[in-house]
Amino acid sequence: MNFETATEKAKVFTKIPPDSVFLEFYGLYKQATVGDCNIAKPGTLDLKGKAKWEAWNSRKGLTQDEAKKAYIAIYEKYAPQYA
């Protein structure tokens, strides 16, 4: 499986994963497609934005190829539960 296939399949999960799982996918996706976090940390009142920023920033230093491999691995881990 490649990264693009995993991202498309993750978008159509039949069950909605909890926020913690979503944030794993989000952080790896952003790292794989953009690289290290390049935006300012959202304010304390923007809880959703802050959580997404932290998920992405926690992957700092991971190469884009490593992030793609990690994304595929978590897709394969969670697909049996949510696909």
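Tutor: A term is needed before the count: helices are DSSP runs of H or I with at least four residues, and strands are runs of E with at least two. The model is a predicted one.

Student: With that settled, how many helices and strands does the secondary structure come to?

Tutor: The protein has four helices and zero strands. Read from the N terminus, the order of elements is α-α-α-α.

Student: What about burial and surface?

Tutor: Of the 83 residues, 33% are buried. The accessible surface comes to about 5300 Å², and carbon and sulfur atoms account for 54% of that.

Student: And the contacts, what share join residues at least 24 apart?

Tutor: That share is 74%, taken among contacts between residues at least 6 apart in sequence.

Student: Changing topic: how much space lies in the largest pocket?

Tutor: The largest pocket holds about 320 Å³ of space. It is lined by 13 residues, and those closest to its centre are A10, K11, F22, F25 and Y71. Two elements, α1 (3-11) and α2 (19-33), each give two or more residues to this lining.

Student: Which element gives the largest share?

Tutor: Helix α2 does, with five residues.

Student: Which residues does E24 touch?

Tutor: Setting aside residues up to four places away in sequence, E24 touches R59, I74 and Y78. E24 also belongs to helix α2. With a relative accessible area of 25%, E24 is partly exposed.

Student: How far is E24 from I39?

Tutor: From C-alpha to C-alpha the distance is 18 Å, and E24 and I39 are 15 residues apart in sequence.

Student: What is T33 in contact with?

Tutor: Apart from neighbours within four places in sequence, T33 is in contact with F3 and Q64. T33 is found in helix α2 and is partly exposed, with a relative accessible area of 37%. T33 and A67 lie 34 residues apart in sequence, and their C-alpha atoms are 8.7 Å apart.

Student: One last residue. Where is the place of I16?

Tutor: I16 sits in the loop between α1 and α2.

Student: Why does I16 count as exposed?

Tutor: I16 counts as exposed because its relative accessibility is 79%, and exposed means over 50%.

Student: And what separates I16 from Y82?

Tutor: Their C-alpha atoms are separated by 6.7 Å, while I16 and Y82 are 66 residues apart along the chain.

Notes: Residues numbered from 1 in each chain as written. Predicted model: local features only at pLDDT ≥ 70, side-chain atom pairs only at ≥ 80, totals over all residues. Heavy atoms only, no water. 1 Å grid on protein atoms, 1.4 Å probe; cavity = no way out; pocket = protein on both sides within 12 Å on 5 of 7 lines; lining within 4 Å. Points joined across faces, edges and corners; volume = space filled by probe spheres on them. Buried < 20%, exposed > 50% of the residue type's maximum accessible area, 1.4 Å probe, protein only. Contact = heavy atoms within 4.5 Å. Areas by Shrake-Rupley, 256 points an atom, 1.4 Å probe, with all protein chains shown as cover.
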